[in-house]
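Visitor: Could you take me through the way this chain is put together, one question at a time?

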Amino acid sequence: MSITITAFEASPDRGQGLARDMRVRWALEEVGQPYDVRLVSFEEMKQLAHLALHPFGQIPTYEEDGLVLFESGAIVFHIAQHHAGLLPDDAHARARAIAWMFAALNTVEPPIVDLEQSEYAEGDKSWFEERRPMIHDRIRGRLDQLSTRLGDADWLAGGFSAGDLLMVMVLRRLEGTGILQDYPILSAYIARGEARPAYRRAFADQLAVFEASR
Ligand code: GTB
């Protein structure tokens, strides 16, 4: 079985590990699956060969023995379903961990993406300064709730799971906004994720892509 994923040839984040291939790399490292990476340019992502893999012309994609997947959440879920290490065996515990995967992508990530997009797509609009505090409030509302739920636990649903992997990656998108400094519980949670050997290997591999392109 051979796995190939796609990633940015030149990630705009300059190797900070914020592009969504990082989630897939981390998941594959957690379960000990080797993989190849095909780097694609922005131009290549919009061409037919890549659109056949990804209908929206984005990264990451995942290819494995004739199976082609897109959407980082679906890819991480596929990896977690087929390899031990990212979801518990107990049916209820597994369902709870999967709920956190959805929570990361459907409940916590949308206002964070909204903030990012507003900064580069709406920065020149007259209403930008008026709208931004509202997005910040929505993000903080979710972080307050998440922080309360996590409390003094290490992970969201018992042991480390794919739910934590996605949640840590989503929260990392707030680095540099100044918001996380008000959330010590979540900052420590992110640090625990980043300290995992699998995370560090994945991060180093995507950073090496940036370093090689300099
Ligand atoms: N819902 C999809 C998924 O989860 O897989 C979203 C995929 C997606 O947004 N892919 C982005 C992409 O291909 C890269 S990750 N964009 C190119 C395009 O749409 O043309 C998003 C991303 C990009 C850059 C940074 N950064 O520089 O910090 C962070 C995140």
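**Two domains and their interface**

Guide: The protein chain is divided, by an automatic or database domain assignment, into domain 1 (3-86 + 198-213) and domain 2 (91-196). This is a predicted model, in which local features need pLDDT of at least 70 and side-chain atom pairs count only at pLDDT 80 or more, whereas totals for chains, interfaces and linings use all residues. Residues are numbered from 1 along each chain as its sequence is written, and side-chain values use heavy atoms, with hydrogens and water left out.

Visitor: How many residues does the contact take from domain 2?

Guide: The C-alpha centres of domain 1 and domain 2 lie 21 Å apart. With contact meaning heavy atoms within 4.5 Å, domain 1 gives 20 residues and domain 2 gives 20 residues.

Visitor: Which residues of domain 1 lose the most area to domain 2?

Guide: Buried area is the accessible area (1.4 Å probe) that two parts lose on being put together, summed over both, and for these domains the value is about 1700 Å², 62% of it on carbon and sulfur atoms. On the side of domain 1, 36% of what is buried comes from the three residues that lose the most, namely Arg23, Trp26 and Tyr199.

Visitor: What is the distance between the closest N and O atoms of Glu109 and Arg23?

Guide: A salt bridge here is a side-chain nitrogen of Lys or Arg within 4 Å of a carboxyl oxygen of Asp or Glu, and the rule finds three across the interface of domain 1 and domain 2. Glu109 forms a salt bridge with Arg23, and their closest N and O atoms are apart by 2.5 Å.
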